[in-house]
Amino acid sequence: MENKAFNSASVEWIVLSKAPVAGDVKTRLIPALGKQVACDVYCQLLKRLQETLRKLITSKGGYVALWVAGDCNHEAFNSWADISTFYQQPTNTDLGERMSMAVQSSLSRGRTPVLIGVDVPNLTETYLNNCLDQLASHDLVISPAEDGGYGLLGMKQFYSELFTNKNWGTKTVFESTKSDIESLKISATYLPLVWDVDEIADVERFMLTQP
């Protein structure tokens, strides 16, 4: 794919989210924080990402696709309405199938899909701008995460292998995906390491990043 064909305004930032209902989100935090506080943390992460994406598309153009598991009309999504298109996540599917569907949907509309995690605080505007820069000269970008997964995955065409035969939610996901990338001989770049908010220590770390 020729570098000159890439336009950052064609990028669609794909966010797979859950409607923030107490007891349904950030379940690993519930034993330490309780259902409502864990849900409040998730809402803060959603708000942080929405503000980041708003700044980014204001300066660089592009699109946001919010794929929601649960109620798309939840009040937590009100602030997304003017920057995002909403899609309903399918039920009874694994993470790979949901990501695959979102990526193919984006590509079918002539956009360049970039999957990003809600709970990855260091996906800042600067970080995402670097992602755009790297997409100008590579066909795929990926951000390894400290827990063995990844926090961002962007591509200019669909690679079904990246979304199948993975033990989602385990520390093997990034290495398995990297192996696929190398086997397929994709022109790829690996962005700086990121981290997720999954455990109580991560919440404390996240709070330190807040203004």
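Let's start with strand β1 (11–18), which is mostly covered, as 7 of its 8 residues are buried (under 20% relative accessible area, where exposed is over 50% and partly exposed lies in between, with a 1.4 Å probe and protein chains only). Helices (H or I, at least four residues) and strands (E, at least two) are DSSP runs, numbered from the N terminus.

A quick word on the model: it is predicted, so local features need pLDDT of at least 70 and side-chain atom pairs count only at pLDDT 80 or more, while totals for chains, interfaces and linings use all residues. Residues are numbered from 1 along each chain as its sequence is written, and side-chain values use heavy atoms, with hydrogens and water left out.

Back to β1 and its partners. Two strands pair if DSSP finds at least two bridges between them. β1 runs parallel to β4, joined by 5 bridges, and Ile14 has Leu115 in β4 as its bridge partner. With β2 (residues 63–69), β1 also pairs in the parallel sense, over 7 bridges; here Ser17 stands opposite Val68.

In the loop between β1 and α1 (30–33) sits Asp24. Asp24 is partly exposed, at a relative accessible area of 45%. Its C-alpha atom is 19 Å from that of Asn78, 54 residues apart along the chain.

Now the pockets. A pocket is an open set of points on a 1 Å grid over the protein atoms alone, where a 1.4 Å probe fits, with protein on both sides within 12 Å along at least five of seven lines; lining residues have an atom within 4 Å of a point. Grid points are joined across faces, edges and corners, and a volume is the space filled by probe spheres set on the points.

The largest pocket has a volume of about 1,100 Å³. Of its 35 lining residues, Lys26, Leu95, Asp119, Asp196 and Asp198 are the closest to its centre. Elements giving two or more residues to this lining are β1, α3 (95–108), β4 (112–116) and β6 (150–155).

The second largest pocket holds about 300 Å³. It is lined by 13 residues, with Arg48, Glu51, Thr52, Gln210 and Pro211 nearest its centre. Two or more residues each come from α2 (35–60) and α4 (125–135), and α2 gives the largest share, 6 residues.
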